[in-house]
Amino acid sequence: MPAPLPISPTILYVDDTEAQRYAVSRVLRRAGFEVMQASSGRQALEMSASGPDLVVLDVNLPDINGIEVCKRIKADKCTAHIPVLQVSATLVNTRDRVAGLEGGADAYLVQPIDPDELVATIRSLLRIRKAEEEARRRAQEIETIYNSAPVGLAMLDTDLRFTRVNQLLAQFNGISVQEHIGLSMRELVPDIDAKIVQFFRHVLSTGEPLVN
């Protein structure tokens with residue numbers, strides 16, 4: 001069977017000017033994106049619930065200001081992960097851009113926008129989102145390992161203080177998981193062999209694992 005075609009990212013483009021929506025949507029489709037369109041803040045909020053990969057959001061909208069729309073998208077746990085690219089042709093000074101970014105926008109571009117810059121910015125934001133999702137996935141995998149491992153596990157910082165332990169190790173040591181955090185190995189086990197401490201420091205300084 002042939003390999004399945006890659007799924008094109010979906011962009012929600014929000015602008016109350018029909019001609020602008022047409023022109024920008026055409027650029028985005030030519031760049032390989034699927035495009036949804038909204039002409040108001042309320043439509044943007046409704047359509048963002050469907051889970052687009054990114055929102056390109058004009059600041060000047062007829063009902064809800066685009067900066068407020070962005071704040072609501074980022075405040076909703078179901079849509080907070082969606083990157084928002086804020087754009088404006090009128091709010092273009094530093095103060096305006098700062099307001100947009102502080103409102104939760106992941107980037108802010110001033111119109112007119114060069115098509116290549118627009119596409120490059122979108123791709124950059126999508127790469128960042130993909131990296132963040134991968135990091136979350138790995139964190140979940142580590143959490144699963146910690147919760148299900150049949151052995152005691154711990155993480156320590158460079159001072160050999162516990163930053164994380166699993167429940168099995170906590171039971172073995174006779175104190176809670178939370179009580180471990182911040183404790184040094186010597187505080188937990190005052191008579192620990194100095195050679196064992198040296199082994200840990202060797203791993204920290206070289207990055208090389210020690211087996212057995």
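I began with helix α3 (residues 66–75), where Arg 72 and Glu 68 both sit, four residues apart, about one turn of the helix. Helices here are DSSP runs of H or I with at least four residues, strands are E runs of at least two, and both are numbered from the N terminus.

A note on my source: this is a predicted model, where local features need pLDDT of at least 70, side-chain atom pairs count only at pLDDT 80 or more, and totals for chains, interfaces and linings use all residues. Residues are numbered from 1 along each chain as its sequence is written, and side-chain values use heavy atoms, leaving out hydrogens and water.

Next I checked how Arg 72 and Glu 68 meet: they form a salt bridge, with the closest N and O atoms 3.1 Å apart. The term means a side-chain nitrogen of Lys or Arg within 4 Å of a carboxyl oxygen of Asp or Glu. By this rule I get nine salt bridges.

Then I looked up Glu 134 and Arg 137, whose side chains meet in a salt bridge (2.3 Å, N to O). Because they are three residues apart in helix α5 (residues 115–148), about one helical turn separates them.

Arg 161 lies in the loop between β6 (154–156) and β7 (162–165) and Glu 187 in helix α8 (residues 185–188), so the pair ties together parts that are 26 residues apart in sequence.
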